Amino acid sequence: MNLIVSPAPHAHSGDSVRKNMLNVIIALCPALIVATIAFGMGAIITTAISVASCVLFEWLITKFLLKQKSHICDLSAVLTGLLLAFNLPSNLPWWIVVIGALVAIGVGKMSFGGLGQNPFNPALVGRVFLLISFPVQMTTWPRPMQGFMALDAETGATPLAAMKQAIKESNADLLSNLPTLWESFSGMIGGSLGEVSALALLIGGIYLLCTKTITWHIPVSILCTVTVFAALFAAFAGLPVATFVGTTLCAGGMMLGAIYMATDYVTSPMTHWGQIIYGIGIGLIVMIIRCWGAYPEGMSFAILIMNAVTPLLNMYIHPKRFGEQKK
């Protein structure tokens, strides 16, 4: 009898890779709708180019370089393209989006052997590469609600940039120019496509929890760690605690990263305790970068750093073997 062991992610109870990927895509639809309302045609174009490029590059690499059967029908490339688009501004030139998709699929995923063998989240690999290579284009944010066809929209600073300036100058008055918490929560702020609406992302997150596509351990541990850290930092820095904590949670890639990026099956720990430690690590790193680092945002870097720690967590925090007795 031959035993065939396939790489992660391993699904059971009638689940499949395609079904789980489809659930995440469905969960991202509310945020995509809000992004389209906020940024208009630019959101649709960026998303379409990103998804199409990721699917095309995976098919080309699988067929002509790896000489293997294509697995694009499992929707993993579609999800990578969607998540990559959610980490990009809607006014990003199309050719930069294509480069990001090539790096995400070619370097972040297929160079390690494809689905289940990549140590880092492919979409974040593409996003960080673009951020380092094209910092001006990647940090030029269009203002929301400038019309559906406003492809060359007026740009402006994000709430995290204003918070960074307030921290740097220890000036609480600078926070008075921030959007209200409701504006940040509902989606009327500038930023990447997936940063506009915490509410839409939470709706999708609830869907993922209800379908058991993800568990609560990683998102809750990240958000709780960030809340405690932000509250303590604001109190010691003399900044308004409620405003600082609310904006920290709702602005930037916090919700997108905590719910959709950090919970990636392949690059996150297998056990619940490992996932909690992993989430705490992400929360601490992202707040250290936001408060003292050079970037106003740090979610992508935090997740990639903890992706590298995942093998250690899996090595030292693992479930008890079936039938094993306590020593």
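**Entry 1: a helix pair**

I began with helix 3 (residues 76–86) and helix 5 (residues 122–133), which pack at an angle of about 35° with their axes 8 Å apart. Axes here are lines fitted to C-alpha atoms, for helices over the stretch in contact, and angles run from 0 to 180 degrees between N-to-C directions. Helices (H or I, at least four residues) and strands (E, at least two) are DSSP runs, numbered from the N terminus.

The model is predicted: local features need pLDDT of at least 70, side-chain atom pairs count only at pLDDT 80 or more, and totals for chains, interfaces and linings use all residues. Residues are numbered from 1 along each chain as its sequence is written, and side-chain values use heavy atoms, with hydrogens and water left out.

Next I looked up the crossing of helix 3 and helix 5, and it is right-handed. That label applies if the near helix is turned clockwise from the far one by less than a right angle; anticlockwise is left-handed. I then listed the residues that meet: T80, L83 and L84 from helix 3, and P122, A123, G126 and R127 from helix 5. Contact means heavy atoms within 4.5 Å.

**Entry 2: the whole chain**

I noted 14 helices and zero strands in the protein chain. The chain has 327 residues, and 52% of them count as buried. Buried means under 20% relative accessible area, exposed over 50%, and partly exposed in between (1.4 Å probe, protein chains only). I also checked contacts between residues at least 6 apart in sequence: 75% join residues at least 24 apart.

**Entry 3: two buried residues**

I found N307 in helix 14 (residues 299–316). N307 has a relative accessible area of 1%, so it is buried. Leaving aside neighbours within four places in sequence, N307 is in contact with P119, F120, N121, T267 and Y278.

I found A200 in helix 9 (residues 198–210). A200 counts as buried because its relative accessible area is 3%. Not counting residues up to four places away in sequence, A200 touches P30, A31, V34 and Y260. I also looked up S186: it is 14 residues from A200 in sequence and 7.4 Å away in space, C-alpha to C-alpha.

I located I288 in helix 13 (residues 272–292). I288 counts as partly exposed because its relative accessibility is 43%.
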